[in-house]
Amino acid sequence: MFDFWWVMAIRHKVVLYNPAAVFHTMPLGLLAIGSNLDPARFDVRIIDARIEADPLDAVLQAIDGALCFGVTMLTGRPLGDALAMLRAVKQARPDLTTVAGGWHPSLFPVETLDEPSIDITVAGQGERTFAEIMDRLAEGGDVEGIAGVAYRDGDRVVRAKARHLESLDAFAPPNFDLIRVERYFELKGRRQLDYIGSIGCNFRCAFCADPFVYGRDWKATSASRMGVEIEALWRRYRFTDLNFQDETYFTHRHRVADICEEFLRRGLDFTWAGTMRADQGVRLPDEIWRLCVQSGLRRVLVGVETGSHEMMKRIKKDTTIDAILETAAKCRQHDVAVIFSFIVGFPEETEAQVEATLGLIKTLRAMSPKFETPLFYYKPYPGSALAAAVADQTPRTLDDWARFDYVAGPAGTWVPPHLYRRIERFKFYNKYAAGTAATGQGAGRLLRRVARWRIDHDVYAAPVEKFLVQHLRPEPSLS
């Protein structure tokens with residue numbers, strides 16, 4: 001009996017790693033899986049390379065005596081840091097079980113295991129899967145039969161059945177004690193808390209990997225529970241802004257209204273931002289728009305992607321240009337800021353279709369000084385329907401994917417050089433014309449005026465300002 005209780009009293013250390021990146025968003029995925037381990041049995045340590053002075057040293061110290069090392073892997077440059085850390089961990093502790101989750105292993109659960117430093121991959125929603133893995137490891141067992149995993153069994157790789165999405169109400173709330181919240185506030189330059197109230201998306205966009213990962217499903221936390229959780233977090237951290245990281249926050253308008261009512265009823269004082277599809281903005285009644293603003297809504301992010309009717313159908317966006325303009329008008333009416341994001345450089349996209357996108361960007365930017373219109377190139381993100389058309393030009397190994405900047409990298413090779421130059425110049429001047437990059441004084445004001453004139457008159461020859469700015473202040477990779 002004594003021996004039994006001694007075993008039960010052991011707390012197993014679990015080390016979770018968030019790779020280096022240029023953003024300082026809180027590591028909500030790791031927070032979710034770490035918060036759903038029994039704190040009486042597991043000692044969770046989250047190490048974020050973005051806030052650590054020496055991430056390698058922090059990890060190597062933390063894994064001493066650990067049960068498991070887990071890492072989230074996002075396709076692109078963070079993948080390179082994740083691989084370097086995994087290899088260092090395996091060299092230091094060959095016996096330590098390593099688990100990789102996140103977007104890349106969700107898309108390539110079997111191929112990711114080509115990397116010898118990874119023992120197990122987790123695909124999709126990870127809270128339940130990771131908790132079951134930890135229970136098995138703590139008991140000295142293996143992961144056979146756990147839904148959502150892939151692992152090696154001798155010379156073969158075994159992929160278990162997929163795990164279906166569960167309501168977020170089924171899990172423990174995020175325990176922000178596991179991260180250094182004040183440090184993120186400091187790095188963000190504002191007391192902004194990140195939060196996820198739902199996962200997944202019901203839509204079928206052909207350029208997006210989400211339908212592949214989540215099967216066009218969507219699950220959420222109930223409005224009443226969100227009210228309780230967010231009030232407790234606000235009273236503890238006194239954040240001034242809440243940044244919802246949901247992929248489609250405005251999926252159900254009545255739930256949105258209920259959450260606003262929770263904020264107002266509890267007397268919570270902060271601004272908030274969330275993601276919205278254009279068709280969702282159209283369907284949102286004015287009374288709910290007003291309720292959102294009253295509860296603190298300051299900005300929405302709307303993925304427009306294209307200004308071409310033909311491309312809108314081809315990428316299966318399931319919305320219209322008219323809906324985009326109507327949502328923009330509603331945002332202007334209610335004084336809500338918007339980031340309208342666009343994509344160009346799709347395979348087989350014509351120059352006329354690209355010009356239609358640039359035209360819509362100009363129209364939206366002119367509607368309100370609170371509207372931003374960033375422009376990105378299409379990247380064949382693995383798992384998306386469009387990626388099959390250019391599969392021969394996508395990376396093959398994890399190290400190749402780690403060099404793949406899917407946010408700010410160049411256009412695909414299928415985009416003609418002259419069109420690429422045109423887009424690059426438009427992107428630069430559109431960014432500065434909106435006033436989101438150049439601010440305040442002297443040269444900044446002059447650049448803004450020049451950029452607006454060039455955009456308004458479609459004059460991009462001899463872009464001296466572009467060469468000068470990019471030489472003096474080169475932009476970092478974003479992925």
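1. Strand β8 (residues 192–195) runs parallel to strand β11 (residues 241–244), and four bridges join them. In this pairing, Tyr195 stands opposite Phe244 in β11.

2. Please keep in mind that this is a predicted model, where local features need pLDDT of at least 70, side-chain atom pairs count only at pLDDT 80 or more, and totals for chains, interfaces and linings use all residues. Residues are numbered from 1 along each chain as its sequence is written, and side-chain values use heavy atoms, with hydrogens and water left out.

3. Now look at both faces of β8: Gln192 and Asp194 on one side, and Leu193 and Tyr195 on the other, are all buried (under 20% relative accessible area, 1.4 Å probe, protein chains only).

4. Next, the domains, whose bounds come from an automatic or database domain assignment: domain 1 (12–159), domain 2 (190–389) and domain 3 (416–478). The C-alpha centres of domain 2 and domain 3 lie 26 Å apart. Where do they touch? In contact (heavy atoms within 4.5 Å) are 12 residues of domain 2 and 16 residues of domain 3.

5. Finally, the rule finds three salt bridges across the interface of domain 2 and domain 3 (a side-chain nitrogen of Lys or Arg within 4 Å of a carboxyl oxygen of Asp or Glu). The side chains of Arg365 and Asp456 also meet in a salt bridge, at 3.3 Å from N to O.

Terms used. Buried means under 20% relative accessible area, exposed over 50%, partly exposed in between (1.4 Å probe, protein chains only). Helices (H or I, at least four residues) and strands (E, at least two) are DSSP runs, numbered from the N terminus. Two strands pair if DSSP finds at least two bridges between them.
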